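Please open the model in a viewer and keep the selection tool at hand.

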Amino acid sequence: MSVSDILGYIRGYVVIRAEGCFLERFLNICMRRGILLRNVKRRGDTCIDACISIQGFKALRQIAKKTKTRVTIKSRHGLPFFLYRYRKRRPVIVGLVLFAAVLWYLSTHIMGIDIVGNERIPTAEIERGLKAVGLYRGAATGKIEPKSVQNKMMTGFDDIAWIGINIKGSRAYIEVKERIDTKRIEGTDIPCNLVAARDGIIRLLEVKEGQTIVKINDMVEKGDLLVSGAVDSTKDGIRYAHSFGEVYADTRYQKSRTYPLEYTEKLYTGEETKRISLTLFGKEIKLFLNKNAPYEYCDKAESKTEYGIFGGKIPSVFVSRTDFKEYVPEKKTRTLKQAVDLGRKELEAELKKEIPPDAEVKDVEVTYTESGSKAVEVAVKISCTENIAVQSVIDKIENMNYNDINENT
Amino acid sequence: MKNRKKQPQKDIQKPTIRERVADSLDASKEVILDFARLEFIGNREVTVENYKSIVEYTEKQIIVETNPHRIKIQGAELEIKSIAREILYITGKISSVEFKLEV
């Protein structure tokens, strides 16, 4: 099907039969009046068939009279006739309008936001920030100015060094560049400070470069300056150094939790049911009949899968699956000792994950207090010695202030 | 005068002033001479540009009036695919084309 065929279909055309003795004259007059005839076929001595546009057909009457030709319509083709046939069917018209409206909506509004490049900032947070500056699912693409969104996002998020906003069709592609992490200073010539990564009491200082600010037995809080990269000396004035070294401090990790002495345990029966529902453009369609939970006691686990239409360009179809696992609750009791042991085990395991692997564990302290007669609060404290020094780039503004202070004094 | 010497004189007719102008300007002749322009694709299709009118149209023979010739196209299953003011588009199995000067 060629372009001209499609255009012909949209405009509509008629297949006519012309009968008469002066058909050549008829054709010539048509030609001279600018009436386009197509697929002219001879059908015997006094008869031809041809295709003609609707407007052309209307102008034909006069010519037919002049050349004594009898023109009859053989068949009608095209959209105008189709529409005429269905003019009384209101739902068809409504459907067409709806189709156009949906097409217009889907192609002029943001249907999906792709965020790439963020490692520390959660995607949801960026999405929230974007929504606040007017870029969200359903926003009109014409009203979004990538430049202004970019500026607002960069001022709104301290951690974003650069943000790129590309709107392609109905999808927004966001590229985020985060500020360099303090741990990732690689060049040895970048001026930097050493700051505390955790709260603690300084025990040992092994500073190889930079001006030490803290002393042994000092209490420091997370984020406190330990070693300054701005080295002040009477001879040379201020020099910026790439501070490095180790600052060992006593740190403490603790956690507590209340354990009831009477508790219920889930005994799984092995019975499982899954239910699938479909979400189309925000409307949920349940593909199951029973709306109540299948069991009296059960665990619910939901998983969602997104299916984009047109290669993921319209992310509006979700298939969500809910799994139900049946269990029988059983009341159990435990002694104080059992509860404390369990608490100690659980809390210690959790704390071990927080403690960096190079930290030296010095002491583990477990305390418990009975709260009422039915519960016990278990607390675990782990004392360690570890290197708490972390490099952080000297901020330009901070460093300017520092200069100002020194000039004034 | 130089041009005239170089040009081989195939036609019996003397080239007209218009033709000489067209030659020297390197312009397309059909525009300046107001001739018809025929374009064949094998023997299947022919487009006739700048024609005057159709004199005869049957399946075996189409006669088209142009300036200054009358062109007779003969063949089988001839069909006018499209007919517009300037362009005539004929398909079919063309066997011969004949140019006749008008009397």
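The predictor's confidence in each residue is expressed as pLDDT, on a scale from 0 to 100. This is a predicted model, in which local features need pLDDT of at least 70 and side-chain atom pairs count only at pLDDT 80 or more, while totals for chains, interfaces and linings use all residues. Residues are numbered from 1 along each chain as its sequence is written, and chains are lettered from A and ligands numbered from 1 in the order in which they are written.

**Confidence**

Colour chain B by pLDDT. Its average is 83, and 85% of the residues score at least 70. Helices (H or I, at least four residues) and strands (E, at least two) are DSSP runs, numbered from the N terminus. In chain B, confidence is lowest in helix α1 (residues 2-6), with a mean of 50, and highest in strand β2 (residues 45-49), at 94. For the complex, the predictor gives an ipTM of 0.76 and a pTM of 0.42.

**Where the chains meet**

Display both chains. Two residues are in contact if their C-beta atoms, placed from the backbone, lie within 7 Å. On this basis, 13 residues of chain A are in contact with 14 residues of chain B. On the side of chain A that touches chain B, α2 (23-32) and β2 (37-42) of chain A each supply at least two residues. The largest share, six residues, comes from β2(A).

Next, select β2(A) together with strand β5 (residues 69-83) of chain B. These strands pair in the antiparallel sense over three bridges; pairing requires that DSSP find at least two bridges between two strands. The bridge partner of A:L37 in β5(B) is B:I83.

A residue is buried if 20 or more other C-beta atoms lie within 10 Å of its own, exposed if 12 or fewer, and partly exposed in between, with C-beta atoms placed from the backbone.

Centre the view on A:A50. Leaving aside neighbours within four places in sequence, A:A50 is in contact with residues including A:I16, A:A18 and A:L37. Of the 409 residues of chain A, 17% count as buried.

**A three-stranded sheet in chain A**

Select the open sheet with the order β5-β7-β6 and mixed pairing. β5 (112-116) and β6 (160-168) of chain A stand at the edges, each with a single partner strand, so one side of each lacks a neighbour in the sheet. Between β5(A) and β7(A) (residues 171-178), which run parallel, there are five bridges. A:V116 stands opposite A:E175 in β7(A).

**A hairpin in chain B**

Finally, select β3(B) and β4(B), which form a hairpin with three residues between them. Four bridges join β3(B) (residues 53-57) to β4(B) (residues 61-65), and the strands run antiparallel. B:I54 stands opposite B:V64 in β4(B).
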